[in-house]
Amino acid sequence: MTQIWKNAPVLRDICGKNNEPRRSVLGYTWEIGNSKISGIPIGTGEKIRGLRANVIICDEFGSINPNIFETVIRGFASVASHNTFEVVREAYQKQVLEQSGIVLEEEGGSSGVNMKGNQIIISGTATYQFNHFYKYYQDYCNIINNKGVLDTGKIIDTSEYAVIRIPYDNLPTGLMDKTVLDQGEATM
């Protein structure tokens, strides 16, 4: 966050000098307009409980403790965090109308924002097959390949899933250090 701020004079000019990222004991926060970014140190997961998020990005996922991810971090996105009161009210109204036999057409909601829901993005460098990151990769591929039919028989919407693999040789030239990659290929 601080690198973006330091290297973006136009952004600093638009936002004003007092809107730079702030550091606290809980990590970094940065607010621009109605948007807020939080960068948090995960540690044991005890100090980060109770947070909510629209988008969670877990980079270098292979190094994140899977128990902390499943019991704490995934929960950040389980609660609607965008116009929560309105979303709950509309869902209740829709449920009552459907129970009465009235079905409404889907719209963007009263907020006018077309957010289907929260998102969790896990990313990072590929790791060994015994690492939990590989299991998640396999699980997501299986969900997509099986068209959302789970082992339990439940069917889920696969349009909410994506797996993207980018081989290092498809990255922009100069992004990766070729010497280090060649050394790794020679010794690993």
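Helices (H or I, at least four residues) and strands (E, at least two) are DSSP runs, numbered from the N terminus. This is a predicted model, in which local features need pLDDT of at least 70 and side-chain atom pairs count only at pLDDT 80 or more, while totals for chains, interfaces and linings use all residues. Residues are numbered from 1 along each chain as its sequence is written, and side-chain values use heavy atoms, with hydrogens and water left out.

**View 1. Salt bridge between Arg-74 and Glu-70 in helix α3****.** Side chains of opposite charge can pair when their charged atoms come close. A salt bridge here is a side-chain nitrogen of Lys or Arg within 4 Å of a carboxyl oxygen of Asp or Glu. The side chains of Arg-74 and Glu-70 meet that rule at 2.9 Å, N to O. Both residues belong to helix α3, four residues apart, or about one turn of the helix. Arg-74 has a relative accessible area of 29%, so it is partly exposed. Glu-70 counts as partly exposed because its relative accessibility is 35%.

**View 2. Salt bridge between Lys-135 and Asp-139 in helix α5****.** The closest N and O atoms of this pair are 2.7 Å apart. Lys-135 and Asp-139 are four residues apart in helix α5, about one turn of the helix. Lys-135 has a relative accessible area of 48%, so it is partly exposed. Asp-139, at 31%, also counts as partly exposed.

**View 3. Salt bridge between Lys-178 and Asp-182 in helix α6****.** Here the closest N and O atoms lie 3.2 Å apart. The two residues are separated by about one helical turn, because they are four residues apart in helix α6 (residues 178-187). Lys-178 is exposed, with a relative accessible area of 57%. Asp-182 is partly exposed at 36%. A search of the whole structure finds three salt bridges.

View 4. A polar atom of the His-132 side chain lies 3.0 Å from the backbone oxygen of Phe-61. Contact means heavy atoms within 4.5 Å. Leaving out residues up to four places away in sequence, His-132 touches Phe-61, Gly-62, Ile-64 and Pro-66.

**View 5. Aromatic cluster that includes Phe-61 and Phe-69****.** A pair of aromatic rings is described by the distance of the centres and the angle of the planes. Rings of Phe, Tyr and Trp (its six-membered ring) pair if their centres lie within 6.5 Å; planes under 30 degrees apart count as stacked, over 60 as edge-to-face and the rest as tilted. A search of the whole structure finds nine aromatic pairs. In one of them, Phe-61 and Phe-69, the ring centres are 4.9 Å apart and the planes stand at 85°, so the pair is edge-to-face. Phe-61 and Phe-69 are both buried. Ring pairs join Phe-61, Phe-69, Phe-133, Tyr-136, Tyr-140 and Tyr-161 into a cluster.

**View 6. Ser-78 in the loop between α3 and α4****.** The loop runs between α3 (66-76) and α4 (84-99). Ser-78 is exposed, because its relative accessible area is 59%. A polar atom of the Ser-78 side chain lies 2.8 Å from the backbone oxygen of Gly-75. Ile-120 is 42 residues from Ser-78 in sequence, yet the C-alpha atoms of the two are 9.9 Å apart in space.

**View 7. Whole chain, for orientation.** The chain has six helices and five strands. Along the sequence they follow the pattern α-α-β-β-β-β-α-α-β-α-α. Strand β4 (residues 55-58) contains Val-55. Buried residues make up 15% of the 188 residues. Among contacts with a separation of 6 or more, 47% come from residues 24 or more positions apart.

Conventions: Buried < 20%, exposed > 50% of the residue type's maximum accessible area, 1.4 Å probe, protein only. Polar contact = N/O pair within 3.5 Å; in protein donor to acceptor, adjacent residues only side chain to side chain.
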